[in-house]
Amino acid sequence: MYVKGGVPLPRYIFKRILSTIPVFLILTFLVFVLSDFAPGNAVDIVASEQKLSQEAYDALIHQYGLDRPLLVRYGDWLLDLMQGEMGTSLRAKAPIFDLISQRMGPTLILMLSGLVLAIVIAIPLGVAAAFKPYSFWDNCSSTLAFIGNAMPSFFLALCVLYIFSSKLGLLPGSGMYSAGGAHTFGDFLSHLILPACVVAFTLIGDIVKQTRAGLLEVLNEDYIKTARAKGLGEKAVIIKHGLRNSLIPIITVISLSIPYIVGGAVVIEQIFGWPGIGSLMISSIDGRDFGVVMGVATMICIIVMCCNIVLDILYGVLDPRISRSK
């Protein structure tokens, strides 16, 4: 299989992966340096809790390599990562990879649910706004887009939690399942609705605006006028011809939103008690367990890069004019 420009798909994917390696190294090194500059470490927390002697404290520092130079420790961490190892959590006394694996599923479910919900709501709203500019639907979608862009996710999460959980009692506001209850799909879904809606609402604005703007631009093209002249209905012209050819900027907006989804998940998971990697990162920062912080940052970086590669491949599938011969 070939992507546009005559480049074989496996070769293109390989080139894109190679191009992400410098970015990955820079990002992980920055996180490593910032973690090292932060005051205290997990050994200090353990020493304060267990009242360790100076000899025991120094032994722990040496055991975990915290007395070695920063570049040496980063190099060792990178070599371990290449071998599939992320080390052991100083606080939980468990492999970091296992801790992250347990939390990765809930985070991916929350992110994907919010993203899919945003796409399902935003694209029809954008199409309706472009179909009849300056109409009631256009004004509603513009207002919704403005509110979605202006309202911080943490404030929206607190408002939703207060109204629908605390005051009305319609939906649970914490955790992924009810405490002591059966882990049924219905129970899981009721816990997912509020955080997923918050994630979706923060994304809807940009997708609506881009869908409307891209579709309005495409509808002025000559091939759209030709399709209308052939007698095609307006809905068929917009959906089959207009929307398909305006998907590139929409996909770009979605791809640029992925890092914000991941970053927002840290706050949203904390507010809703969602057991994902965001809440794991917060607890690890509180406990100065920077090995876990590095592991979470690494997984987030890999997720974002993989999503960008997939979306970049979609560009060539949707638009034959895009060349990847470089």
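The exercises below concern a predicted model of one protein chain.

**Exercise 1. Overall make-up**

Task: State how many helices and strands the protein chain has, and what share of its residues count as buried.

Solution: The secondary structure comes to 13 helices and 2 strands. The chain has 326 residues, and 42% of these count as buried. For sequence separation, take the contacts between residues at least 6 apart in sequence: 71% of them join residues at least 24 apart.

**Exercise 2. Helices α7 and α11**

Task: Classify the relative orientation of α7 and α11 from the angle at which they pack.

Solution: Two packed helices are described by the angle between their axes and the distance between the axes. Helix α7 covers residues 153-167 and helix α11 covers residues 247-272. Their angle is about 25°, and their axes are 9 Å apart. Angles under 35 degrees count as roughly parallel, so α7 is roughly parallel to α11. The crossing of the two is right-handed.

Next, list the residues that meet. On the α7 side they are S153, F154, A157, L158 and L161; on the α11 side they are V267, I268, I271 and F272. By class, this contact has 8 nonpolar residues, 1 polar residue and no charged ones.

**Exercise 3. Helices α5 and α11**

Solution: The crossing of α5 and α11 is right-handed.

From α5, the residues T107, L110, M111, L115, I119 and I123 take part; from α11, their partners are I250, I254, I261, V262 and E269. The contact of α5 with α11 divides into 9 nonpolar, 1 polar and 1 charged.

**Exercise 4. I207 in the core**

Task: Find which residues touch the most other members of the largest nonpolar core, then list the contacts of I207.

Solution: The largest nonpolar core holds 72 residues, of which I100, I207 and V296 touch the most other members. Leaving aside neighbours within four places in sequence, I207 is in contact with A118, I119, A122, I123, I250, V253 and I254.

**Exercise 5. L108**

Task: Decide whether L108 is buried, partly exposed or exposed.

Solution: L108 lies in helix α5. Its relative accessibility is 33%, so L108 counts as partly exposed. The C-alpha atoms of L108 and I303 are separated by 9.5 Å, although the two are 195 residues apart along the chain.

Notes: Residues numbered from 1 in each chain as written. Predicted model: local features only at pLDDT ≥ 70, side-chain atom pairs only at ≥ 80, totals over all residues. Heavy atoms only, no water. Axes fitted to C-alpha atoms, helices over the stretch in contact; angles between N-to-C directions. Helix = DSSP H or I, 4+ residues; strand = E, 2+ residues; numbered from the N terminus. Parallel < 35°, antiparallel > 145°, perpendicular 65-115°, else oblique. Left-handed = near helix turned anticlockwise from the far one by under 90°. Contact = heavy atoms within 4.5 Å. Nonpolar A, V, L, I, M, F, W, Y, C, P; charged D, E, K, R; others polar. Core = buried A, V, L, I, M, F, W, Y, C linked by side-chain atoms within 4.5 Å. Buried < 20%, exposed > 50% of the residue type's maximum accessible area, 1.4 Å probe, protein only.
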